[in-house]
Amino acid sequence: MDEDRSAVGSVVGAVSPATASEAKAADTEAAAITRSQRHASALWIAVVPTIFLAVFFGWPLVTMLRRGLAWSAFSSVLGDSGIRSVMWFTAWQAVVSTFATVVLGVWPAYVLARYRFTGRRALSALLAVPFVLPTVVVGLAFLALLPDSWRRSVPAILVAHVWMNVAVIVRTVGSFVSQLDPGLEDAAATLGASRWKTLRHVVLPLTKGAILGSVAIVFLFCFTSFGIVRILGGPAHPTLEVEIWRRTTQSLDLSTAAALSVIQLVLIVGALSIWTWRQRRAASGPVAMRTRTAFRTASSRTESLAVAVTAVVAAAFVLVPVGRLVAQSMQSSRPGNPLAAWQAIVHSDLGASLWASARVAAGAVLVATAMGALASIAIAGNPRAGALLDAGLMLPLGTSAVTIGFGLLITFDHPPIDLRGSWVMLPLGHALVATPFVVRAVLPTLRGIDPDLRHAASTLGARPWQVWRNVDLPVLRRALIVGAGFAAAISLGEFGASSFLARSGTETVPLAIARLLGRPSKLNLAEASALATVLMVVIVAILLILDRQPGGIGQSDVHRRRARPARVARTEVSR
Amino acid sequence: MTLRAIGITVRFDQRLILDDVDLSVDDGEIVALLGPSGSGKSTLLRVIAGLLRSESGTIRWDEQDLTALPPHRRQIGLVFQDEQLFPHLDVAGNIGFGLRMARVPRRRIAERTDELLHLVQLEGFGHRSIHELSGGEAKRVALARALAPSPRVLLLDEPLTGLDRELHDQLVVELAAILRSVGTTAVHVTHDVDEAKSMADTVLTMGDLRRDRPSA
């Protein structure tokens, strides 16, 4: 599963529960006992991240619930036919987007997981890119790509949702397929099943569970879609998220917004619970899995052709909107100067948004990395209490960004903590979303450290903090860098929460893009595209650099590469 | 009717796995192929089944050249060492799989499945989940599944490896009886000399298949 190890893949992976595999150090009994004693002392470390979570996520959530659960707000919301149609639209566009994403994503997921072909790794990384791009960038790319008649239309929203979320299917379904024993497909072939029939009668039924699991994730993203809907849908097609934002910032109708947030939360939790329940009932029992990937080489011309066409179409699928975005940044109204928009972002106030984004991202990285590192230490040391903290920290991911922003807004606009007009709201909001990613990067490495390594250090006379400094930290440093990189990428693209929190002149790049699109002109569109291009390049660069970190994510790469020839020999030849 | 593998060469990573190997199996004949692990027995079976491409050589069924055919069009059955039963299908679903692929009418599939369940002495097991089967039962289902579409040749890739001694010996007798009663042409790969002798009409070692050897 090479793609599982890529940084972009890990971002997708962090949100998918199906693929949470973490290394554990092999323990001797004696080592386990010493470890349990040592770890009891690590619980106090959880205090800081717990307070962070309680103050900046728990409290706003409670504030929102108290406002939103007022009966008057509820009855007026449910009686409003306009809001009923918003709810209906939110639901059906999410269902249709999810369905289309799954239908289009399963085949490329299978091809990438099963076939060996030139450029496989590159294509795998490329297909993960749309998912890590900020929603405003995606929205703008499709604004640039689609014909005028499609703009501000429902199909545009659906297409953009599919484009972003195919990565989730490719990653979750692909990693499942790559572990599926290819012997089953061989068995089907010897029983007279063509490739097509093998897919239909063997692979697809076995993969059903993984597909249904990723459906839940994609549905969640499409249901709570904000940036894409705001940019591509226009005022005529609001989802619940956009409606909450509109009520809050434009009609200042906070009680309706709170009621809508509560309704949205209930709908999401309800839909996901029903889905999980049904999925569990549909599960077909354990499937024999293998830990190593066995690729196949296309054996007939039709098969090679199918693989080649899939690869080319998939690459074009990702590259065309991106290319169109870059091209649009050079189409300003000034003839003869294709770089006018680029000059403008350097010389005008748009340059300030780059600076603001950098500042906010730096703050978010500091907070998220600190909280994530502390939380990881506490989680690794305390299996039970730690699991609770781990789950708690994942909550902001499941809650929509708009809900987080809205909650922070209505909680910290009055004493005891009044942060109105302060730019720190932005990094705090971003850090809430980014912290779970830091935990996902750090925790496996931390758990992988053999406790006896620490014991060896202490028998050599190292004090506890010296053990930490000389044993844990050197190993963790790379994982921390990876976590910090995720946090930076998330903060740079964050749009939902930011739309509520930036009232103070701290206009980040995504907000500047949205502002420019609010007054569409050729130059504004070109400038927005230039900003979006900068954002895209920076985020993809961060993730590519993380991908090359020898420690963090790619740690096991070295061993895998060395082991590969022998392994392939076993699977392909002598089995 | 004869299955012939002629001049099969397979190389992997510069290592020669099969070097110009010949094998010929007559109609109804059961050939046991002996050799230590790593001698390329399984590789040869996979080449014959079409699951693996050889660098050179041809596979023939009488006058018909099978070399370019994909596995699903060769009508050559294979019993895998690790069974490879489909986990999403029950016992009957596994046995009937090949017949479904051949679009045999459903009623006929049910009859044939019962016939095979009887043959491998698993009457009434049709609706069992394959997760509930014991090791020996799973082997029998794998055999029944491979026999169901009546393949021209049945290949058995160390089907009895990994069982405890008692069960192994019992299954050797059963398997031999089943193959005789069906009258199928078969190539049975094993590293167990006794197993080979009690199963097969002809016992060959991998060394016998080298073309450059003076014919035995």
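The model is predicted, so local features need pLDDT of at least 70, side-chain atom pairs count only at pLDDT 80 or more, and totals for chains, interfaces and linings use all residues. Residues are numbered from 1 along each chain as its sequence is written, chains are lettered from A and ligands numbered from 1 in written order, and side-chain values use heavy atoms, leaving out hydrogens and water.

**Chain A overall**

- Chain A has 25 helices and two strands; helices (H or I, at least four residues) and strands (E, at least two) are DSSP runs, numbered from the N terminus.
- Of the 575 residues in chain A, 55% are buried; buried means under 20% relative accessible area, exposed over 50%, and partly exposed in between (1.4 Å probe, protein chains only).
- Take the contacts (heavy atoms within 4.5 Å) in chain A with a separation of 6 or more: 84% of them come from residues 24 or more positions apart.
- Chain A exposes about 24,400 Å², and carbon and sulfur atoms supply 66% of that; accessible areas come from the Shrake-Rupley method with a 1.4 Å probe, and for residues only the protein chains shown count as cover.

**A nonpolar patch**

- W44(A), V47(A), V48(A) and I51(A) form a nonpolar surface patch, with about 430 Å² of accessible area together.
- Patches are made of residues with over 30% relative accessible area and no salt bridge, with like charges joined within 9 Å and nonpolar side chains (Val, Leu, Ile, Met, Phe, Trp, Tyr) within 5 Å.
- V47(A) sits in helix 3 (residues 47-68) of chain A and is partly exposed, at a relative accessible area of 44%.

**Salt bridges**

- Side chains of opposite charge can pair when their charged atoms come close.
- There are 20 salt bridges over all chains, each being a side-chain nitrogen of Lys or Arg within 4 Å of a carboxyl oxygen of Asp or Glu.
- D186(A) pairs with R46(B), with the closest N and O atoms 3.1 Å apart. D186(A) lies in helix 9 (residues 183-190) of chain A and R46(B) in helix 1 (residues 41-49) of chain B, so this pair joins two chains. Both D186(A) and R46(B) are buried.
- R247(A) and E243(A) form a salt bridge, with the closest N and O atoms 3.0 Å apart. Both lie in helix 12 (residues 240-249) of chain A, four residues apart, about one turn of the helix.
- E83(B) and K139(B) meet in a salt bridge at 2.9 Å, N to O. The pair links distant parts of the chain, 56 residues apart.
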